[in-house]
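Here's a quick briefing to read alongside the model. Have the structure open as you go.

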Amino acid sequence: MPSSPPLEVAVIRNADGWPDHFDALAERAVLAALAGARPKIKGAAEISVLLTDDEEQRALNAQWRGKDSSTNVLSFPQIEPFAPVMGLLGDITLARETLEREAADLGKSLDHHFTHLMVHGFLHILGYDHLDEAEALQMEGLETKILAGLGIDDPYAD
């Protein structure tokens, strides 16, 4: 049985304070999401992950979404929704201060919250969304299943 073409996860750090092991955590989360979503893979692929701060994330959110505030994760797909996986898939950006604040507020470890948002962001790259209730239930169900495989509790449980 031939192995799947590689998916390279390129992590870029534009802000201080990110734990060193988050490069490996990002790759683990993306590969788990890829396995869980089971898209058609047509060739070697790459995703870039930008670990940044609230200031840069706010600028990106304002420029691309018209929202003048920081946010935890942004996804910038460069493939059509649910297209075969190959080539440059897109970019995922995460804001450290927002993730730290949210993890503390939710009583979750930063590692688990980061992993959840990496899976969430990568599913957006593949074409999943949560604009309506049916889409949200599908995406959240898939996230929950992928995260369970990584030993992380359901982030949507009350």
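Predicted model: local features only at pLDDT ≥ 70, side-chain atom pairs only at ≥ 80, totals over all residues.

Residues are numbered from 1 along each chain as its sequence is written, and side-chain values use heavy atoms, leaving out hydrogens and water.

**Overall fold**

- The protein has five helices and four strands, where helices (H or I, at least four residues) and strands (E, at least two) are DSSP runs numbered from the N terminus.
- Reading from the N terminus, the elements go β-α-β-α-β-β-α-α-α.
- A compact globule of 158 residues would have a radius of gyration near 15 Å, and the protein agrees with its 15 Å; the radius is taken over C-alpha atoms, and the globule rule is 2.2 Å times the number of residues to the power 0.38.
- The C-alpha trace spans about 45 × 35 × 35 Å along its principal axes.
- Buried residues make up 44% of the 158 (buried means under 20% relative accessible area, exposed over 50%, partly exposed in between, with a 1.4 Å probe and protein chains only).
- Of the contacts between residues at least 6 apart in sequence, 65% join residues at least 24 apart; contact here means heavy atoms within 4.5 Å.

**Helix packing**

- Two packed helices are described by the angle between their axes and the distance between the axes. The axes are lines fitted to C-alpha atoms, for helices over the stretch in contact, with angles from 0 to 180 degrees between N-to-C directions.
- Helix 1 (residues 22-37) and helix 4 (residues 110-126) pack at about 45° with their axes 9 Å apart. That makes helix 1 oblique to helix 4 (under 35 degrees is roughly parallel, over 145 roughly antiparallel, 65 to 115 roughly perpendicular, the rest oblique).
- Helix 1 passes helix 4 in a right-handed crossing; right-handed means the near helix is turned clockwise from the far one by less than a right angle, left-handed anticlockwise.
- The helix 1 side of that contact includes Phe 22, Leu 25 and Val 30, and the helix 4 side includes Phe 114, Met 118 and Phe 122. By class, the contact has 15 nonpolar residues, one polar and one charged (Ala, Val, Leu, Ile, Met, Phe, Trp, Tyr, Cys and Pro count as nonpolar, Asp, Glu, Lys and Arg as charged, and the others, Gly among them, as polar).
- Helix 1 also meets helix 5 (residues 133-149), their axes coming within 9 Å and crossing at roughly 120°. The contact is made by Ala 32, Ala 33, Gly 36 and Ala 37 of helix 1 with Leu 142, Lys 145 and Ile 146 of helix 5.
- Helix 4 and helix 5 have axes that come within 10 Å and cross at roughly 130°, so the pair is oblique. Their contact has six nonpolar, four polar and one charged residues.

**Two residues to look at**

- His 113 sits in helix 4 and counts as buried because its relative accessibility is 6%. Beyond residues up to four places away in sequence, His 113 touches Leu 99, Glu 102, Ala 103 and Leu 106.
- Gly 17 lies in the loop between strand 1 (7-13) and helix 1, and its 52% relative accessibility makes it exposed. Leaving aside neighbours within four places in sequence, Gly 17 is in contact with Arg 96 and Glu 100.
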